[in-house]
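Please go through the briefing below with the sequence and the model side by side.

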Amino acid sequence: MHAAYISNKKALGAAMRICDLKKKEVINICDGQRIGCIIDVEFDLCNCCITHIIVPGPCKMFGMFGREEEYVISVSCIKQIGSDVVLVEANLEKCLNKCKWL
C-alpha cells in the first residue's frame, strides 16, 4: 500500500495485512454510496504490488439469486484508508465487471 493512502500512519502502521484490508467497508466519496466490503485484491507479480481491490457488485432480483458482477477498483482511486473504512473516488459504472469465476 502506498503510504499516502493511510490516514493515520501512527495508529495503523506503514503496512497492512490483506486480511485486515478485507474487513474494511468501501465508500465512494463521489456520492457517499456504501459499495460493500473488500472480498479480494488483484496483485501484480512483476511489480510486487496490489493493483485493484474487488468488492461484490449489486445483487440480482432482491438479493436472492446471488451476484454476477463485481467492482474492480484501481488502487489509484483509493483516497484514504481509515481504521474501518476505505474511501475511494471512482466511477462505479466503469469499475463493474463480470465475475471471473462464472
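**Salt bridges and a positive phi**

Arginine 34 is partly exposed, at a relative accessible area of 49%, where buried means under 20%, exposed over 50% and partly exposed in between, for a 1.4 Å probe and protein chains only. This is a predicted model, in which local features need pLDDT of at least 70 and side-chain atom pairs count only at pLDDT 80 or more, while totals for chains, interfaces and linings use all residues. Residues are numbered from 1 along each chain as its sequence is written, and side-chain values use heavy atoms, with hydrogens and water left out.

**Salt bridges**

- The whole structure holds three salt bridges, a salt bridge being a side-chain nitrogen of Lys or Arg within 4 Å of a carboxyl oxygen of Asp or Glu.
- Arginine 34 pairs with glutamate 25, their closest N and O atoms lying 2.0 Å apart, and glutamate 25 is partly exposed at 24%.
- Lysine 23 and aspartate 20 form a salt bridge at 4.0 Å, N to O; lysine 23 is exposed at 63%, whereas aspartate 20 is partly exposed at 32%.
- Glutamate 89 and lysine 79 form a salt bridge with their closest N and O atoms 3.9 Å apart.
- This pair links distant parts of the chain, 10 residues apart, with glutamate 89 in the loop between strand E7 (85–88) and helix H3 (92–95) and lysine 79 in strand E6 (residues 78–81); helices (H or I, at least four residues) and strands (E, at least two) are DSSP runs numbered from the N terminus.

**Backbone**

- Cysteine 48, in the loop between strand E3 (40–44) and strand E4 (49–56), has a positive phi near 55° although the residue is not glycine.
- Cysteine 48 is exposed, at 59% relative accessibility.
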